[in-house]
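Trainee: I would like to learn how to read a few features of a structure. Please show me.

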Amino acid sequence: MADIFMPSDEAELAGFVEAAKAGNYPLEVCGFRSKREAGRPVNPAAVVSTAKLSGITFYEPGELVISAKAGTPLHEVEAALARKNQELPFEPADLSRIYGTDPLAASLGSVAAMNISGPRRILRGAARDYLLGIRAINGEGSAIKSGGRVMKNVTGVDLVKGLCGSWGTLAVLTELTLKVLPKAQEARTIFFLGLSDEAGVGVMSEAMGTPYEVSGTIHLHGSLVSRLNDAEITQTNAPVTALRLEGDPQSVVYRMEKLRRELAPFGDTYDLDHQRSLSFWGDIRSLTFLSANFGRPLWRITVAPSKAAQIVRALSAFFDLSAAYEWSGGLIWLETPSSSEASVTELRRVLAEFEADSMLMRAPRSVRSSIEVFHPLPLTKMKLVQAIKKAFDPAGVLNPGRMYAGV
Amino acid sequence: MSSIQLAKADASVLGRREQILNGLSRALRSNAVICDEAGLRAFETDALTAYRSMPLAVVLPRTTAEVSRIVKFCSENNVKVVARGAGTSLSGGALPAGDAVVIGLSRMNRVLDVNFLDRTATVEAGITNLGISSAVAHGRFFYAPDPSSQLACTIGGNIAMNSGGAHCLKYGVTANNVLKVKMVLMNGEVAELGGDYLDPQGYDLLGLAVGSEGQFGIVTEVTVRILRQPEGVRPMLIGFPSTESAGACVASIIADGLIPVAIEFMDKPAIHVCENFAKAGYPMDVEAMLIVEVEGSESEIEDQIGRITEIASRFDPKTLRVSQSEQEAAAIWKGRKSAFGAIGRISDYYCMDGVIPLGKLAEVLKQVQEVGEKYKLRVANIFHAGDGNLHPLILYNANDEREKATAEECGAELLKLCVDAGGCLTGEHGVGIEKRDLMGYQYSEADLLQQMRVKAAFDPQWLLNFGKVFPLDLQNRFAAEAAKNHG
């Protein structure tokens with residue numbers, strides 16, 4: 001295995017990338033490698049890690065802004081925010097369970113590089129929406145910056161958005177600035193038991209269409225419920241549909257009542273108090289409901305919520321699957337028994353009918369080498385993607401092939 | 001005013017005008033091509049009226065296919081293109097050029113789909129910003145970003161500039177509220193950027209395209225997120241004895257963990273002009289005023305107003321008034337939203353758009369005043385204080401060439417002040433031609449070259465909205481290289 005180079009500053013990193021470009025050898029770009037088994041495998045000549053680019057460089061709670069180097073562990077950032085009663089509003093999902101890695105090993109850089117958001121995304125926005133500024137080294141070995149520390153910024157091309165979610169294929173992130181928000185004092189949950197997928201998605205969509213600021217929605221197949229930690233819920237073994245409300249205690253109680261009344265036609269509801277809500281949504285955030293078995297393929301599908309249940313029903317005809325619907329149905333986690341090439345082709349054929357976007361989040365290396373992990377792109381878009389890659393990394397040295405073959 | 005250099009028109013294109021007009025007519029129905037002087041005159045400027053330039057021709061397509069045929073023709077004939085919505089850009093983003101064809105999207109203004117369950121609306125790019133909210137109001141939904149020009153400005157223009165507005169403090173700007181666009185690329189191909197729902201994986205081409213100031217492609221269709229209207233909203237007015245105390249109050253509200261829907265700031269000159277115009281009941285005896293709007297249920301509103309009142313009381317407010325009726329609330333906002341127009345009635349003005357960190361608000365406001373005094377120009381301040389987005393309005397006489405030049409110098413100094421304070425040149429109006437030559441103050445050459453290479457990935461010939469955003473010498477360099485590659 002290639003040695004891991006851990007530069008201790010931007011200049012050293014820039015020199016390393018420049019040398020790779022000059023020598024025309026591919027680099028694997030990583031933080032702590034906690035998501036190494038995501039995406040297509042890279043066959044690098046060398047590995048460069050941001051692990052030593054670490055530490056919070058700026059935090060102004062009064063301005064709701066924090067900056068940290070890319071290799072800063074996410075938990076360090078979250079702990080610093082928690083001390084000031086603040087949080088990352090997009091509540092990044094913890095992927096350690098699905099990849100079998102240490103939960104403490106996620107870097108802030110990986111959250112930006114993969115645009116990872118969690119349950120609260122549905123109300124507050126994604127990682128990409130809270131990323132105000134970026135510093136990075138592009139494939140030429142040049143230090144670039146975009147955005148800054150202010151809330152509004154339309155000065156020039158928004159490279160922050162371009163780099164967020166680019167999986168280290170365009171530039172190596174070195175420092176990030178994020179907008180943060182005050183932590184809610186109170187969290188409560190309303191849940192339904194035994195709803196069909198259609199009704200579950202219906203409840204979530206209805207709830208998101210109210211003015212009550214629902215900050216998390218999930219509908220879980222009964223087969224996934226047993227993996228949760230809330231003993232009372234797991235005992236039911238029934239599909240669970242849950243809605244979270246957060247804010248000042250008085251306001252949360254008021255909105256709970258209103259919401260319960262509006263959703264009464266969908267059936268009986270149950271409540272989780274503050275503590276149980278924290279634990280339940282902690283489980284959702286860390287994807288506790290998904291299998292930890294690395295051999296089990298896992299799909300991430302995004303689609304218009306009104307089509308979500310239909311998709312899963314259509315796929316059920318071909319696969320013995322379990323599904324979890326987040327983001328009011330717009331995000332589906334799908335566990336399938338097999339990831340053979342034929343099954344992937346079949347699955348993607350069905351998804352295409354619903355204009356869904358799919359990503360194979362987890363599968364053995366051999367599968368991820370042979371099939372498209374990211375949703376296949378129409379030619380017009382693929383040409384744009386290739387042109388963007390070339391604009392940042394003309395020699396193709398940064399994580400080549402991680403997202404798409406040849407990119 | 002002519003201190004900003006406009007890109008030189010390509011004589012070879014001007015010489016082919018007849019041939020180009022014929023080609024455009026073939027791509028469209030004939031009455032959709034405007035080429036007579038009187039017709040073109042209507043398009044010679046945008047809301048940065050100090051700069052004017054007659055376009056080669058204007059076309060008004062009705063379909064994406066027509067747009068595709070036009071740009072393909074322009075690309076094949078090496079003709080520049082400027083996309084235009086309602087022409088409300090304050091930075092000269094829609095300013096035509098003598099060798100460019102203006103593609104006006106105003107006839108593409110239909111609502112294509114409203115889906116309350118998915119909370120999305122799909123519209124054509126030429127619909128007005130307010131038109132979207134109107135189209136979904138019957139379901140008690142709205143489209144959140146609300147630029148002051150929302151009655152006139154188009155969603156296509158909003159996407160070009162990544163427009164903000166007063167209520168972005170809570171709901172975010174255009175980029176945070178758009179799911180998908182249909183974009184015609186210069187080769188005539190049509191790309192869908194984004195997806196039907198949140199966060200499809202892959203490069204965020206949509207995120208790159210929003211705010212690209214018409215330099216990446218022509219957006220013809222847009223899917224936006226729509227939100228349910230809140231149960232109630234209520235603005236309050238707070239008057240202060242100094243601009244500094246108003247600024248400090250804003251910072252305290254945010255630091256206290258309150259996120260109102262909007263916090264708008266007006267200083268004394270602005271208050272007086274707006275009050276005379278809108279009769280909103282603004283306090284005339286204060287140095288600065290905040291409009292703070294909160295929303296939610298009755299009790300949530302009361303709770304938030306109570307907390308804001310408590311915070312404001314630390315800053316010696318001279319007046320504090322909570323709106324008591326819908327009419328009063330409407331009047332309060334009418335004054336704010338018509339502010340630029342109201343000031344335009346008493347003087348020419350040059351509107352700045354810098355952003356600063358909130359903690360520097362009081363300090364920078366003082367410096368803004370000092371810079372105005374240095375140039376002997378009056379400066380009125382009306383802006384989105386909650387997110388630090390300043391709008392100093394420099395009042396000047398447009399008929400006095402010297403004063404115009406001084407106003408521009410003053411503006412540049414104010415923007416540099418924002419960058420020095422840790423902020424940026426523009427928060428929502430865009431760079432356009434106006435701030436193009438200041439880009440080097442905020443960005444290094446490496447930063448700018450990277451942005452320009454991304455632009456070239458979308459438009460390798462450099463035909464779209466040429467002469468805007470990037471320093472002219474850098475653009476000419478890229479364009480010359482492109483010409484070499486494209487023969």
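Mentor: Start with strand pairing: two strands pair if DSSP finds at least two bridges between them. Helices (H or I, at least four residues) and strands (E, at least two) are themselves DSSP runs, numbered from the N terminus. This is a predicted model, in which local features need pLDDT of at least 70, side-chain atom pairs count only at pLDDT 80 or more, and totals for chains, interfaces and linings use all residues. Residues are numbered from 1 along each chain as its sequence is written, and chains are lettered from A and ligands numbered from 1 in the order in which they are written.

Trainee: Which residue is the bridge partner of A:W299 in β18(A)?

Mentor: A:L360 is that partner. β15(A) (residues 298-302) and β18(A) (residues 357-362) are antiparallel and share 5 bridges. Also in β18(A), A:D357 stands opposite A:T302.

Trainee: What stands opposite A:W299 in β17(A)?

Mentor: A:L334 does. β17(A) covers residues 331-335, and its pairing with β15(A) is antiparallel over 5 bridges.

Trainee: Are the residues of β15(A) buried or exposed?

Mentor: A residue is buried if 20 or more other C-beta atoms lie within 10 Å of its own, exposed if 12 or fewer, and partly exposed in between, with C-beta atoms placed from the backbone. In β15(A), 5 of 5 residues are buried. A:L298, A:R300 and A:T302 point one way, A:W299 and A:I301 point the other way, and all are buried.

Trainee: In what order do the strands of the open sheet in chain A run?

Mentor: The order of its 8 strands is β14-β11-β13-β12-β16-β17-β15-β18, with antiparallel pairing. β14 (270-272) and β18 of chain A are at the edges with a single partner strand each, so one side of each has no neighbour in the sheet. From one strand to the next, the twist averages 20°.

Trainee: Which strands form the open sheet in chain B?

Mentor: That sheet has 5 strands in the order β5-β6-β10-β8-β9, and the pairing is antiparallel. β5 (111-115) and β9 (190-194) of chain B are the edge strands, each pairing on one side only. Here the twist averages 10° from one strand to the next. Within the sheet, β8(B) (residues 178-184) and β10(B) (residues 218-225) pair in the antiparallel sense over 6 bridges. B:K182 has B:E221 in β10(B) as its bridge partner.

Trainee: Next, helices. How is a packed pair described?

Mentor: Two packed helices are described by the angle between their axes and the distance between the axes. Axes are lines fitted to C-alpha atoms, for helices over the stretch in contact, and angles run from 0 to 180 degrees between N-to-C directions. Angles under 35 degrees count as roughly parallel, over 145 as roughly antiparallel, 65 to 115 as roughly perpendicular and the rest as oblique.

Trainee: At what angle do α10(B) and α12(B) cross?

Mentor: The axes of α10(B) (residues 268-278) and α12(B) (residues 326-337) cross at roughly 125° and come within 9 Å. That makes α10(B) oblique to α12(B). Residues are in contact if their C-beta atoms, placed from the backbone, lie within 7 Å. B:C274, B:E275 and B:A278 of α10(B) make the contact with B:A331, B:K334 and B:G335 of α12(B). By class these residues are 3 nonpolar, 1 polar and 2 charged. Ala, Val, Leu, Ile, Met, Phe, Trp, Tyr, Cys and Pro count as nonpolar, Asp, Glu, Lys and Arg as charged, and the others, Gly among them, as polar.

Trainee: How many residues does each chain give to the contact between chain A and chain B?

Mentor: Chain A gives 66 residues and chain B gives 76. On the chain A side, helix α16 (residues 379-392) supplies the largest share, 7 residues. That side divides into 29 nonpolar, 24 polar and 13 charged residues.

Trainee: Which residues of α17(B) does α16(A) meet?

Mentor: The axes of α16(A) and α17(B) (residues 445-458) come within 9 Å and cross at roughly 160°. The two helices are therefore roughly antiparallel. A:L384, A:A387, A:I388 and A:A391 meet B:R453, B:V454, B:A456, B:A457 and B:F458.

Conventions: Two residues are in contact if their C-beta atoms, placed from the backbone, lie within 7 Å.
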